[in-house]
Amino acid sequence: MKFMNPLLAVTDMERSVAFYREVLGLRKVVDLGANVTLTGGVSLQTRESWLEFIEASPDMLAWQGRVSELYFEEDDFDAFAARLKAQDISYVHGVKEHPWGQRAVRIYDPDGHILEIGENMQSVCRRFLDSGMTEEEAARRMGVPLRFAKHCARKAEREGKKQ
């Protein structure tokens, strides 16, 4: 058994593909008309074809059920958050910082599916280290193993030497 990817039923495929391209930068990998797979493994299927497959009527769907979300991570969270402000987006909530230091925003896609976009956890650690925290302090603040903070510090050092 192997999990392949999430599938979202959508009411307007063109609108949904445009949203995921313009807001999250995802591109089509496979386009079968009623089914589209985007980079990152997100699959979209037209509501009509999905209802047919599950032998259901439209009144059986609960849009904006708020019981699940798709989670994405962004390396350059500040730039993403700035780009998001220029979009016509419906927010679950704006940018906030979680207790472990990761910043995230939750938005709705055109059909009311919740998308969480979080700051990449290595970026969180690097932000803390760049602010003057020791590896031990960053690990404690984030609630991660010390080896994770040390890995982030080594990676930052290697990348600094390449520049």
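Biologist: Which residues have the most contacts inside the largest nonpolar core?

Modeller: This is a predicted model. Its largest nonpolar core has 24 residues, and those with the most contacts inside it are Y20, L24, L44, F72, I107, L115 and I117.

Biologist: Which elements each supply at least two residues of this core?

Modeller: They are β1 (7-10), α1, β3 (35-38), β5 (69-74), α3 (77-85), β7 and β8. Helix α1 gives the most to this core, with 6 residues.

Biologist: In what order do the elements run from the N terminus on?

Modeller: The order is β-α-β-β-β-α-β-α-β-β-β-α-α-α. That gives the chain 6 helices and 8 strands. Along its principal axes the C-alpha trace spans about 55 × 35 × 30 Å. Of the 163 residues, 38% count as buried.

Biologist: How should I read a salt bridge, and how many are there?

Modeller: As a general idea, side chains of opposite charge can pair when their charged atoms come close. In this structure the count comes to 12 salt bridges. One of them is formed by R15 and D111, whose closest N and O atoms are 3.4 Å apart. R15 lies in helix α1 (residues 13-24) and D111 in the loop between β7 (103-108) and β8 (114-119), so the pair ties together parts that are 96 residues apart in sequence.

Biologist: Are the two partners, R15 and D111, buried or partly exposed?

Modeller: R15 is partly exposed, because its relative accessible area is 37%. D111 is buried, with a relative accessible area of 7%.

Biologist: Which residues are linked in a network of salt bridges?

Modeller: The network links D78, E97, R103, E119, R127 and R141. Take the pair of E97 and R127, where the closest N and O atoms are 3.9 Å apart. E97 lies in strand β6 (residues 90-97) and R127 in helix α4 (residues 121-130), so this pair ties together parts that are 30 residues apart in sequence. E97 is partly exposed at 41% relative accessible area, and R127 is partly exposed at 25%.

Biologist: What is the N to O distance between R141 and E97?

Modeller: Their side chains meet in a salt bridge at 2.8 Å, N to O. This pair links distant parts of the chain, with R141 in helix α5 (residues 135-142) and E97 in strand β6, 44 residues apart. R141 is partly exposed, with a relative accessible area of 31%.

Biologist: Now for a helix. Which residues of α4 are buried?

Modeller: The general idea is that an α-helix has 3.6 residues a turn, so residues three or four places apart point the same way. In α4 the buried residues are M121, S123, V124, C125, F128 and L129.

Biologist: What is found at the start of α4, and what follows α4?

Modeller: At the start, a side-chain oxygen of N120 reaches to within 2.6 Å of the backbone nitrogen of Q122. After α4 comes G132, whose phi is positive, near 110 degrees.

Biologist: One of the buried residues of α4 is C125. How many disulfides does the structure hold?

Modeller: A disulfide is a covalent bond between the sulfur atoms of two cysteines. The structure holds 0 disulfides. For C125, the closest cysteine sulfur is that of C152, and at 3.8 Å it is too far for a bond. The cut-off that matters in this step is 2.5 Å between the sulfur atoms. C152, likewise, is in no disulfide, the nearest cysteine sulfur being that of C125.

Biologist: Are C125 and C152 buried or exposed?

Modeller: C125 is buried, with a relative accessible area of 0%. C152 is buried too, with a relative accessible area of 1%.

Biologist: To finish with the surface, which residues form a nonpolar patch there?

Modeller: The patch is formed by V29, V30 and L32, which together have about 280 Å² of accessible area. V30 has its place in strand β2 (residues 28-31).

Biologist: Why does V30 count as partly exposed?

Modeller: V30 counts as partly exposed because its relative accessibility is 33%. The class takes in values between the limits for buried, under 20%, and exposed, over 50%.

Conventions:
Residues numbered from 1 in each chain as written. Predicted model: local features only at pLDDT ≥ 70, side-chain atom pairs only at ≥ 80, totals over all residues. Heavy atoms only, no water. Patch = residues over 30% accessible without salt bridge, like charges linked within 9 Å, V, L, I, M, F, W, Y side chains within 5 Å. Areas by Shrake-Rupley, 256 points an atom, 1.4 Å probe, with all protein chains shown as cover. Salt bridge = Lys/Arg side-chain N within 4 Å of Asp/Glu carboxyl O. Helix = DSSP H or I, 4+ residues; strand = E, 2+ residues; numbered from the N terminus. Buried < 20%, exposed > 50% of the residue type's maximum accessible area, 1.4 Å probe, protein only. Polar contact = N/O pair within 3.5 Å; in protein donor to acceptor, adjacent residues only side chain to side chain. Core = buried A, V, L, I, M, F, W, Y, C linked by side-chain atoms within 4.5 Å.
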